[in-house]
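Thanks for coming, everyone. Please look at the screen, and I'll walk you through the structure.

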Amino acid sequence: MSLSDRGEPAPRLPMLLEAVLNVGTELELRATLQHIVDSATELTGARYGALGVVDPERHRLTELFTAGMTEAERQRIPRLPDGRTGVLGALIQEPQPLRLDDLTADPRSSGVPEGHPPMRSFLGVPIRVHTEVFGNLYLTEKHGGPFTEDDLALLRILASQAGIAIGNARLYETARQRERWIEGAAAVTTALLTGEPAEDALMAVAERARLLADASAGVVLQPTPEGGMEIVAASTVDDPGDLVGTTIAPGSPVLTQLLGGEPVFVEDSATDPRMTTHVRSRFGPSMMLPLQSGGRLIGTLALPRRRGGPPYTAVDRLLAAQFASQAALALVLADARHNRERLAVYEDRDRIARDLHDLVVQRLFATEMMLESTRRRAAEPSEENALLGRAVDELDSTIQEVRTTIFALQQPPADAPTSFRGRVLRETGGAAAVLGFQPSVHFSGAVDTLIEEDEADRLLATLRGALAAAHRRTGVTAVTVEVAARPDGPRLVVRDDGEPPTTVSWP
């Protein structure tokens, strides 16, 4: 039976057709939903209308689009219904059309927020996208009396077409969202493979993920030696200083999943008992995704939203998990690239050290022996004899300098030195940046084996003070450091050419 057969005036059919056309004109999902509730309200003559988006996992409303309410009426309502109770909840539990002449007389009527306008007549229908319930249309307070069966028929037709429009808008929105995540993952991969330091690489992952997920913060956690996890990089709209260094202690309920490489999804960080850090009270919905590649766990990417923020959808979780996998692979590749570059540097430094030792030092030593032999054959002391002696001394000093350089080349530049010789070179190398030139360093004897740890600490403290004092004096253009391991104990001599020249010795 048609609407006109039941006595409904025909002019409502053009209104229905116009409403169907209107709901299909938008591809942006939120605009489509607002068009649907506006069209439904106008088509049925309702004073108020709402479209509630249903979370299929939690069986509650996540968003509510309204029509007919003024801004002042909105302000009087402290919170919108969540669909857990009342007639709205009943429609979520049993997604079937529902028409009531007097909402207040129905025993299921409850949970109406304070300040909400009075409502009596009610009409509700589910909106399905394919076979899944996407949400519900709610209409109240029909002008001129209660809602009729014809109103319900019109609304069911509109809801059917709305499901198609929502399906198209969701596909479009998902495609755009997926495109943004793919572009973000590509940008992160490009940035990491251009040689950024490890700290900057982790920060790039946290920053990009926060923006893509519309999260309040993006943080990267890494395992600690004690068996916990620590935030090592954080990106927030505010100062993230209080986040970096926050540690999840060993034994935390959420830690087993994180260290096992499993994702963790939290509805409310502030109230979830698994969350134990002091910053949890600031956040609401959150997802914690493993950064792992090839069975190697690099860390965890956490994306918490603000308190009261919208929960993450299944699409959000899927795209974020794919981003985390891509970012982890990029971090592994960047680390491997960095290791290859360091290995190439070490190999090059070893080659230079061998060349210096095998060619330069041997030739200098042979020249020193020739000059020393010539000086000894000179029977009488003379000016030439003295010049030869000074030349021999200069060559000996040069050989010591070259050997020191060879040792420095053989040390990993980024690692803390473990030998005493390396610690001395690290001190003088650091002073060079302040002095403006490299101090000359000479070692005599087996300094790495004969100098005890406590003596080494005192000697290094004296060296550090002497270099700082040389920096404060005027006219210093050269500093010579001599370290000797003798049977009676170590000795340090630091000379500079300042005004006047200064010598510091220890002991």
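Let's start with a term. Buried means under 20% relative accessible area, exposed means over 50%, and partly exposed lies in between, with a 1.4 Å probe and protein chains only. Keep that in mind.

Now the ground rules. This is a predicted model, where local features need pLDDT of at least 70, side-chain atom pairs count only at pLDDT 80 or more, and totals for chains, interfaces and linings use all residues. Residues are numbered from 1 along each chain as its sequence is written, and side-chain values use heavy atoms, with hydrogens and water left out.

First, the overview. The protein has 12 helices and 15 strands. Both are DSSP runs, numbered from the N terminus: helices are H or I with at least four residues, strands are E with at least two. How many of the 507 residues count as buried? The share is 43%. Next, contacts, meaning heavy atoms within 4.5 Å. Take the contacts with a separation of 6 or more: 59% of them come from residues 24 or more positions apart.

On to helix packing. Two packed helices are described by the angle between their axes and the distance between the axes. Axes here are lines fitted to C-alpha atoms, for helices over the stretch in contact, and angles run from 0 to 180 degrees between N-to-C directions. Find helix α2, residues 29–44, and helix α5, residues 149–192. They pack at about 170 degrees, with their axes 9 Å apart. That makes α2 roughly antiparallel to α5. The cut-offs: under 35 degrees is roughly parallel, over 145 roughly antiparallel, 65 to 115 roughly perpendicular, and the rest oblique.

Who makes the contact? On the α2 side, Leu29, Leu33, Ile36 and Leu43 are among them. On the α5 side, the residues include Leu154, Leu158, Ile166 and Arg170. The residues of this contact divide into 12 nonpolar, 3 polar and 3 charged. Nonpolar covers Ala, Val, Leu, Ile, Met, Phe, Trp, Tyr, Cys and Pro; charged covers Asp, Glu, Lys and Arg; the others, Gly among them, are polar.

Next, salt bridges. One is a side-chain nitrogen of Lys or Arg within 4 Å of a carboxyl oxygen of Asp or Glu. The structure holds 11.

Example one is Arg99 with Glu149, where the closest N and O atoms are 2.9 Å apart. This pair links distant parts of the chain, 50 residues apart: Arg99 sits in strand β3, residues 98–100, and Glu149 in helix α5. Arg99 is partly exposed at 31%. Glu149 is partly exposed too, at 47%.

Example two is Asp454 with Arg458, at 3.9 Å between the closest N and O atoms. Why are these two separated by about one helical turn? Because they are 4 residues apart in helix α12, residues 453–472. Asp454 has 43% relative accessibility, so it counts as partly exposed. Arg458 also comes to 43% and is partly exposed.

Glu482 is in strand β13, residues 479–486, and Arg495 is in strand β14, residues 489–496. They are 13 residues apart. Both ends are partly exposed: Glu482 at 31%, Arg495 at 37%. One more point: salt bridges that share partners join Arg99, Asp101 and Glu149 into one network.

Now aromatic rings. Rings of Phe, Tyr and Trp (its six-membered ring) pair if their centres lie within 6.5 Å; planes under 30 degrees apart are stacked, over 60 edge-to-face, and the rest tilted. The count comes to 2 pairs. In one of these, Trp181 and Phe323 have ring centres 5.5 Å apart and planes at 70 degrees, so the pair is edge-to-face. Trp181 is in helix α5 and Phe323 in helix α8, residues 314–377, which puts the partners 142 residues apart. Are they buried or exposed? Trp181 is buried at 5%, and Phe323 is buried at 3%.

Last topic: backbone angles. Most residues other than glycine have a negative phi. His130 has a positive phi of about 65 degrees, although it is not a glycine. His130 lies in the loop between β4 (122–129) and β5 (132–142), and is exposed at 76%. Glu141 has a positive phi as well, about 60 degrees. Glu141 lies in strand β5, and is partly exposed at 23%.

That's my tour. Over to you.
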